[in-house]
Each structure stands twice: as structure tokens, then as C-alpha cells.
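Have the viewer ready and try each task before reading its solution.

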Amino acid sequence: VNPDDAQPTIDEWNRAVAARRKFVFEHRVRRRDGVWRLFSICALPMTGADGEIQEWVGVHTDITEKKEADRILQESLERFRFMAESMPQKIFTANCNGEVDYFNGQWMEFTGLTYDEIREWGWTQIVHPDDIDENVRQWKPSIETGQHFQFEHALRRAADTATVPWTPARAM
């Protein structure tokens, strides 16, 4: 165990033992070749019929690659958000169920609604009533097949609720 991580590991272990709770911790461990790797420890106390801890059962897992992948993913998400929030276009993303999970600030400015009001399927309230059925009818096969989605519809604008400009929508 890395010398800088040894005492924090012992301290957390002692707290888990004293509280008779699960022990979860991350620390660096040196491999035989001298390379430091990040490991996760998870141990559970196993009690006997008398309620006393008889033993601890746990795993010690190398999570170095996972942590690096998480870091790279987080950086990528931050770059995407910066780009999406900087663009003058209205941008959204959706999950595999077709629920919209991200709208950039342009959407909130355009609609006057909050993210919580238009996320998932809430976006349907900003589509003109004459267009919503066809929009959803075309959106669903795109979700199921992964095919591109393109549809022109009228949307409600916050500045002038009577104005419903024709807006193309595309998903790839």
C-alpha cells in the first residue's frame, strides 16, 4: 500500500470495525513491477448466531482502468456541454427510450420553461398540437431503429406564445 494511503486505510478500517459496518475504501497498491495501481476494497462483517463478528469477507479490486475511463468520460462530457451551451442552435440528447436527457440553454431561453419542465417527454408541450402526433409517430421508429429523425414542426416560443415558428428537428 502506498505510504500516503496506509494510515487513512487503517483509520477507515478501524471505524468500520468499531461501527460493525461495511468497509469500503480506495488506495494505491504497488505491483511487483513497481507500478502503482488504484484498488477498491469492500469487506463485509459476517456475524455468528450470537451476533458477534466471526470474520470479514471482501474483495480487493484493481480499478485503475475504470477510474481513467471515468476521468476521460467526464472530460468528454465537459467538452460536449461547453460546445452545446456555446452554440446558438437548440441542442438536445435523448436516451435509448426516447426520453430527452439534455437540453442546452437555448431551449430554455426559446421556450421560457425550465429543464425539469421539458425533460424526458415534457418537450411535447412545446410542440404545436397539430404537429405532436406526427412528431411522436416519427420519433418512435427512430428510437427503436437508430435511424435518423428529421421533422419540421411548429414550436411555442416564450417571447410570443401566439408565434409558432416552423423549426426543423434532427436526430442522428
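Rings of Phe, Tyr and Trp (its six-membered ring) pair if their centres lie within 6.5 Å; planes under 30 degrees apart count as stacked, over 60 as edge-to-face and the rest as tilted. The model is predicted, so local features need pLDDT of at least 70 and side-chain atom pairs count only at pLDDT 80 or more, while totals for chains, interfaces and linings use all residues. Residues are numbered from 1 along each chain as its sequence is written, and side-chain values use heavy atoms, leaving out hydrogens and water.

**Exercise 1.** Find which residues the ring pairs link into a cluster.

*Solution.* By the ring rule, the count comes to eleven aromatic pairs.

**Exercise 2.** Classify the pair formed by Trp 13 and Phe 23.

*Solution.* First, the distance is 5.2 Å centre to centre. Next, the angle between the planes is 90°, and the pair is edge-to-face.

**Exercise 3.** Find the rings that have Lys 90 over them.

*Solution.* Apply the rule: NZ of Lys or CZ of Arg must be within 6 Å of the ring centre and within 35 degrees of the ring normal. Lys 90 lies over the face of Trp 107, at 5.9 Å from the ring centre. Its charged end also sits over the ring of Phe 110, 4.4 Å from the centre.

**Exercise 4.** How many disulfides are there?

*Solution.* Look for a pair of cysteine sulfur atoms within 2.5 Å. The count comes to zero disulfides.
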